[in-house]
Amino acid sequence: MSVELLSPAGNFQKLKSAIDFGADAVYLSGKSFGLRAQAGNFSLEEMDEAFKYLHSKGKKGYVTVNIYARNYDFKDLKNYLHELKEINPDGIIISDLGIFKLIRDEKIDIPVHISTQANTTNYYAINMWKELGAKRVVLARELSRDEIREVCENTDMEIEVFVHGAMCISHSGRCVLSNYMTKRDANRGECTHPCRWNYYLMEETRPGEYFPIFEDERGTYIYNSKDLCLLRYIGDLIDMGVKSFKIEGRMKSIMYVSVVTGVYRKVIDDLSAGRTPDYEYLQNLLNSVSNREYTTGFYTGFADETSMNYKTSSYVRNTDFLGVVKESDGGKVIFECKGKINSGETLHILDKNLVEQEIIFDKILDLNGERVEFTKPNRDYILDCGINFQKGSLIRRYKV
Ligand code: SF4
């Protein structure tokens, strides 16, 4: 069975980047009922356009409707599901049994995927979802390698596994920290990520006196999980029969989506062709995009203190994202600028095959052909460098 690389699409541009860098499918959300209220997300018209684009390229797309719904949601949900049906997505990702019932009652003919948010941790539950008519289950991120193997041996359901991205401190998403601290419900797409904040201890008769829980000049991050990275275990998971490999991150940047998708594409292709992936090179590429340091989470055992980042809640990355190539011909590269570039700088351009070249940006022109000394974000420029680059290639600056 061929496997699927499934990438996040926070908006149309990120969707195109994911496809350019090798995703077989993307998941995205409409403006409501998904779990990333802060992501760009898609209007119905945008979704329609997105699915036409995906299908024209032979790719798939799944829509997240994975909130835990309240009674008052169902009237709008009913209309929304019928509207989605017209758009022809390849799957709908849900968590709530009530939404599943509505899909069946309304005869919405879209394959149903059970979200990781539903916390499916065993094959009895998976086989029950199958009896109910689901097509795929996204496993809870808290399962170990042995548990995933046992699941695969005991079901013929399509299994999807998260292989890369942010983790929750609670069982995937079943968390009320955000509700409790900011009155914003993580189970309705409004998480404010309080698990990443600094915490101190305060004795109740000494208001304003904050005691560090773990000594550090900026406080402590007692809930802050490192990001999941199963790069070196993709071969294992393919052998077990996992169908789909999911990358988290609908709120992440174009550079993140492109690089992470490209890295996992390369691993899957290398393994399928019997080649040994260059894990060191690929890991360095993963280190070059935003991350909170990496962990294998529960995959190689119980998550413990080594799975957490107590030092900082900030993302780390060793590159800045400066632009995307839009066209290239005759040694002239038209690019969309995403960050200031000074004329004369030595930068890197990473193409879809993950080949990175060092280029001196000494002749940058505006679209009128006038030379510029520096670029401004969100404008298009021409780099006259005598080399052509693939559309979608990323312009990056390594931090020294
Ligand atoms: S606060 Fe953190 S652990 Fe809780 S739902 Fe949000 S991201 Fe997940």
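**Helix packing and a ligand shell**

Hi everyone, let's start with a pair of helices: α9 and α10 are roughly antiparallel to each other, a label used for angles over 145 degrees, while angles under 35 degrees count as roughly parallel, 65 to 115 as roughly perpendicular and the rest as oblique. What you see is a predicted model, in which local features need pLDDT of at least 70, side-chain atom pairs count only at pLDDT 80 or more, and totals for chains, interfaces and linings use all residues. Residues are numbered from 1 along each chain as its sequence is written, and side-chain values use heavy atoms, with hydrogens and water left out.

Back to our pair. Helix α9 covers residues 254–272 and helix α10 residues 279–287, and they pack at about 165° with axes 9 Å apart. The axes are lines fitted to C-alpha atoms over the stretch in contact, and angles run from 0 to 180 degrees between N-to-C directions. Helices here are DSSP runs of H or I with at least four residues, strands are E runs of at least two, and both are numbered from the N terminus.

Who touches whom? From α9 we have Val259, Val260, Val263, Tyr264, Lys266, Val267 and Leu271, and from α10 Tyr279, Leu282, Leu285 and Leu286, where contact means heavy atoms within 4.5 Å. That makes 10 nonpolar, no polar and 1 charged residues. Nonpolar means Ala, Val, Leu, Ile, Met, Phe, Trp, Tyr, Cys and Pro; charged means Asp, Glu, Lys and Arg; the others, Gly among them, are polar.

Next, α9 again, now with α1. These two pack at about 20°, axes 8 Å apart, and are therefore roughly parallel. Gln13, Lys14, Ser17 and Ala18 of α1 meet Ile254, Val257, Ser258 and Thr261 of α9. By class, that contact has 3 nonpolar, 4 polar and 1 charged.

Helix α1 (residues 12–20) has another partner, α2 (residues 44–56): their axes come within 11 Å and cross at roughly 15°. Phe12, Leu15, Lys16 and Ile19 in α1 meet Glu46, Glu49, Ala50, Tyr53 and Leu54 in α2. Here the count is 6 nonpolar, no polar and 3 charged residues.

Now the ligand. Which residues are around it? They are Cys168, Ile169, Cys175, Ala186, Cys191, His193, Pro194 and Cys195, each with a heavy atom within 4 Å of the ligand. This shell divides into 7 nonpolar, 1 polar and no charged.

Zooming out, the chain has 10 helices and 19 strands. Its C-alpha atoms fill a box of roughly 60 × 60 × 45 Å along the principal axes.
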